[in-house]
Amino acid sequence: MTIGSRGKASYRFLVVDDDPIAAAAAAAVLRGAGHTAEIMNAASGAVERVAATKPDCVLLDLMMPNVDGYEVCTAIRARPELARTKIIVLSMKAYDYDRRRSRELGADGYLVKPVNVESLLREAERLIRDTLDLTYWGVRGTLPVPGPRSRRYGGNTSCISLTFPSGAFFIFDAGTGIKALSDRIMAEGKPRMMAHIFISHPHWDHINALPFFAPLYVPGNEFEILGAPHGDIDVRKLVSDQMDGIYFPVTIREFGARVYFRDLSEGEITVEGVTVRTKLLNHPGRCLGYRVEYGGRSFSYVTDHELYPKGHPHYDGRYRDELAAFLDGTEVLVTDTCYSDEEYKKKQGWGHSSVIEVADLASKARVKALHLFHHDPDQSDEDIDAKLSQAEKRLQEQSSPTRVIAPAEGETYHI
Ligand SMILES: [Zn+2]
Ligand SMILES: [Zn+2]
């Protein structure tokens, strides 16, 4: 890997495809993004070429005469010195069998032709970087904030996505931000997508745009919706009650995708090889915080919750210690920082935290990067800037190594 003049990584690709037009098109996309791409129009000799040039990634057609893509994949994976070379299969075959077989033989990714330019680049760069990609689709709490006051950070309510190097795809909450995610997925025309949607709790700003997530209506897609039940109201009912024909005209019976529901409590589960731990949070009703562990990295999504300051009659040192232990050493903490210190004094007991208390918790829990999230709807972009300054100052005063940022809608971070 080399770093280009604009600081963007430049990778080396080998495109192996007997269709010269498809190969040239893929190479053009990669070169256009600042990468280098060599083309081979036959599979014979491809393994030797990979061994000689050690590209970062091989784009491999499945159906080629004489030697096919499966054989090339198997031969590359038989050589330990090429273990770091990523393999992405490009195929016109959309069958589950081929997708699964490719993975079994060591392919890292699988894209169905014709390949969307954006998804080819994103998939290839993500696989080579080997990162968890965290994308913000909505950073606001409680209510959407359209208009000039939210131009920089965005005005949509809570929704983020997490893409894993393995291809697993997690979504956290379904506030209005999920509409933009839906638009992105539909524009890419991803066939047969699968995702897990984790709901923190069923307050409107965390579930009310789920009915606008169009992939739920596409046959062949598969989704699991997970969250905490409220007494005898399970997650399926929490979601379906807002789509009962009165509050929303379309019911969950109209979902074309296969949709499963899973009730969670505090504990640990494994989802597509990813460890997910949960913690009940101090917020009205049952609200779950999530911590994800993958390949030695961790990510935490903890909203909404109230941290009572020391001296407050409800201050609970044990809860704070438990939360700090839950978050200990996490790479990224996305968390409720609804209020500035001054605002919190007027809004105690509303179920949300001041940025100062959160900064203290992040420092105590040795969080590497604190991401401010779930902003109060009365705040402008400048108010969010001010909260960021408050958090920075607080962490500096404690000589804390925790970094703090305020992410904006549409931004992606690599973990
Ligand atoms: Zn909320
Ligand atoms: Zn809430």
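Me: What radius of gyration does the chain have, and what would a compact globule with 415 residues have?

Reply: Keep in mind that this is a predicted model. A compact globule of 415 residues would have a radius of gyration near 22 Å, and the chain has 23 Å, which agrees. Along the principal axes, the C-alpha atoms fill a box of roughly 75 × 55 × 40 Å.

Me: How many helices and strands are there in the chain?

Reply: The chain has 12 helices and 21 strands. Of the contacts between residues at least 6 apart in sequence, 66% join residues at least 24 apart.

Me: What share of the residues is buried?

Reply: Buried residues make up 45% of the 415. The largest nonpolar core has 66 residues, and Ile160 and Ala174 touch the most other members of that core. Helix 11, residues 355–364, gives the most to this core, with six residues. There is also a second, separate core of 39 residues, which includes Leu14, Ala46, Val89 and Val115.

Me: Which residues is alanine 174 in contact with, leaving aside its neighbours within four places in sequence?

Reply: The contacts of alanine 174 are Cys159, Ile197, Ile199, His206, Ile207, Ala209, Leu210 and Phe213.

Me: How do I read a helix with buried residues?

Reply: Start with the general idea. An α-helix has 3.6 residues a turn, so residues three or four places apart point the same way. Now take helix 3, residues 69–77, where Gly69, Tyr70, Val72, Cys73 and Ile76 are buried. These residues cover an arc of only 165° around the axis, which puts them on the same side of helix 3.

Me: What do the buried residues of helix 3 pack against?

Reply: They pack against strand 3 (12–16), helix 2 (46–53), strand 5 (57–61), strand 6 (86–91) and helix 4 (96–104).

Me: How do I read a sheet, and in what order do the seven strands of the open sheet come?

Reply: In a regular strand the side chains alternate between the two faces of the sheet. Here, seven strands form an open sheet in the order 14-15-16-17-18-19-20, with mixed pairing. Strand 14 (267–271) and strand 20 (403–405) stand at the edges with a single partner strand each, so one side of each has no neighbour in the sheet. Direction ignored, neighbouring strands of this sheet are turned by 20° against each other on average.

Me: How many bridges join strand 14 to strand 15, and which residue stands opposite glycine 267?

Reply: Five bridges join strand 14 to strand 15 (residues 274–280), and the two run antiparallel. Glycine 267 stands opposite threonine 278 in strand 15. Strand 15 is in turn joined to strand 16 by six bridges, again antiparallel, and leucine 280 stands opposite leucine 288 in strand 16.

Me: Is strand 16 mostly covered or uncovered?

Reply: Strand 16 (residues 288–294) is mostly covered, with six of its seven residues buried. Strand 16 pairs with strand 17 (residues 297–302) in the antiparallel sense over five bridges.

Me: Which strands does helix 11 lie across?

Reply: Helix 11 lies across strand 18 (332–336), strand 19 (369–373) and strand 20, and runs at about 155° to strand 19.

Note on methods:
Residues numbered from 1 in each chain as written. Chains lettered and ligands numbered in written order. Predicted model: local features only at pLDDT ≥ 70, side-chain atom pairs only at ≥ 80, totals over all residues. Helix = DSSP H or I, 4+ residues; strand = E, 2+ residues; numbered from the N terminus. Rg over C-alpha atoms; globule rule 2.2 N^0.38 Å. Buried ≥ 20, exposed ≤ 12 C-beta atoms within 10 Å, placed from the backbone. Contact = placed C-beta atoms within 7 Å. Core = buried A, V, L, I, M, F, W, Y, C linked by C-beta atoms within 7 Å. Pairing = 2+ DSSP bridges. Axes fitted to C-alpha atoms, helices over the stretch in contact; angles between N-to-C directions. Arc of directions from axis to C-beta.
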